[in-house]
Amino acid sequence: YTLSLHDALPISDTEADRLARILKLKPGASVADVGAGSGDMSIAMATRVAPGGTVYSTEIDPKLLDKIREAVKKAGLRNVVVITAKQHDTGLPSNSCDAIFLREVYHHLVDPAAIDRSLFAAMRPGGRLAIIDFDPIPGEPAAPGVPASHGKFHGVAKRIVEREVTRSGFRPISIGDWPAKGPEKLYCILFIKPRPGMRSESR
């Protein structure tokens with residue numbers, strides 16, 4: 001995901017609060033912001049998992065990584081870990097996350113299956129994954145390098161995200177609209193990494 005649209009929407013406290021709520025974030029939790037853009041949401045989450053919590057802020061673009069580091073330094077935060085991601089690997093440590101989110105990033109993935117496996121490996125059992133994205137927009141070409149199975153238009157269909165992420169071992173638990181400031185109509189699919197013997201999980 002060479003570039004995310006993470007910065008296309010202004011970060012509002014309302015969105016950050018809603019995201020923290022659906023991911024069930026509490027002080028002491030570890031959460032990953034995959035494809036973090038310039039790090040605004042990472043910083044918003046850092047205050048919500050303090051004290052004792054950690055935010056892993058991942059990006060693939062060196063310029064954006066520099067922006068994240070600068071923003072973290074400016075905010076005086078000590079609980080944000082900046083990670084250089086790759087096209088086929090999030091770079092997240094194994095079994096390190098209580099929650100993970102991808103905000104307008106999934107439709108940029110050139111190897112979604114590998115990233116989904118990396119997300120699953122990084123997530124602790126019972127942890128929640130939120131994929132926030134938008135359905136394909138007719139007339140706008142798809143991001144470079146994305147799988148042909150995602151179609152030729154910019155965006156990614158909900159059913160494709162659900163199918164691919166479920167294939168990696170996650171279990172979908174909810175899907176719904178997500179507040180947006182731009183022209184795209186966003187959705188959020190919430191998944192859980194099942195614990196051994198887990199039957200079901202509700203919102």
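1. Is cysteine 97 buried or exposed? Cysteine 97 counts as buried, because its relative accessibility is 0% and the cut-off for buried is under 20%. Bear in mind throughout that this is a predicted model.

2. The cysteines come next. The structure holds zero disulfides. A disulfide needs the sulfur atoms within 2.5 Å. Cysteine 188 is in no disulfide either. Cysteine 188 is also buried, at a relative accessible area of 7%.

3. Now the nonpolar packing. The largest nonpolar core has 29 residues. Leu19, Leu23, Leu25, Val31 and Met45 have the most contacts inside it. Helix H2 supplies the largest share, five residues. In soluble globular proteins, nonpolar side chains tend to be buried together.

4. Methionine 45 deserves a look of its own. Leaving aside residues up to four places away in sequence, methionine 45 touches Ala16, Leu19, Ala20, Leu25, Val31, Val55 and Phe101. Leu19, Leu25 and Val31 are also listed with Met45 among the residues with the most contacts inside the largest core.

5. Check the backbone at proline 51. A cis peptide bond joins alanine 50 to proline 51, with omega about -5°. Where does proline 51 lie? Proline 51 sits in the loop between H2 and strand E2 (54–59).

6. Asparagine 95 is not a glycine, yet has a positive phi of about 55°. Asparagine 95 is placed in the loop between strand E3 (80–84) and E4. With a relative accessibility of 42%, asparagine 95 counts as partly exposed.

7. Glutamate 104 also has a positive phi, near 55°, in a residue other than glycine. The loop between E4 and helix H4 (112–122) holds glutamate 104. Is glutamate 104 buried or exposed? Glutamate 104 counts as buried, because its relative accessibility is 0%. By contrast, asparagine 95 is partly exposed.

Conventions:
Residues numbered from 1 in each chain as written. Predicted model: local features only at pLDDT ≥ 70, side-chain atom pairs only at ≥ 80, totals over all residues. Heavy atoms only, no water. Buried < 20%, exposed > 50% of the residue type's maximum accessible area, 1.4 Å probe, protein only. Core = buried A, V, L, I, M, F, W, Y, C linked by side-chain atoms within 4.5 Å. Helix = DSSP H or I, 4+ residues; strand = E, 2+ residues; numbered from the N terminus. Contact = heavy atoms within 4.5 Å.
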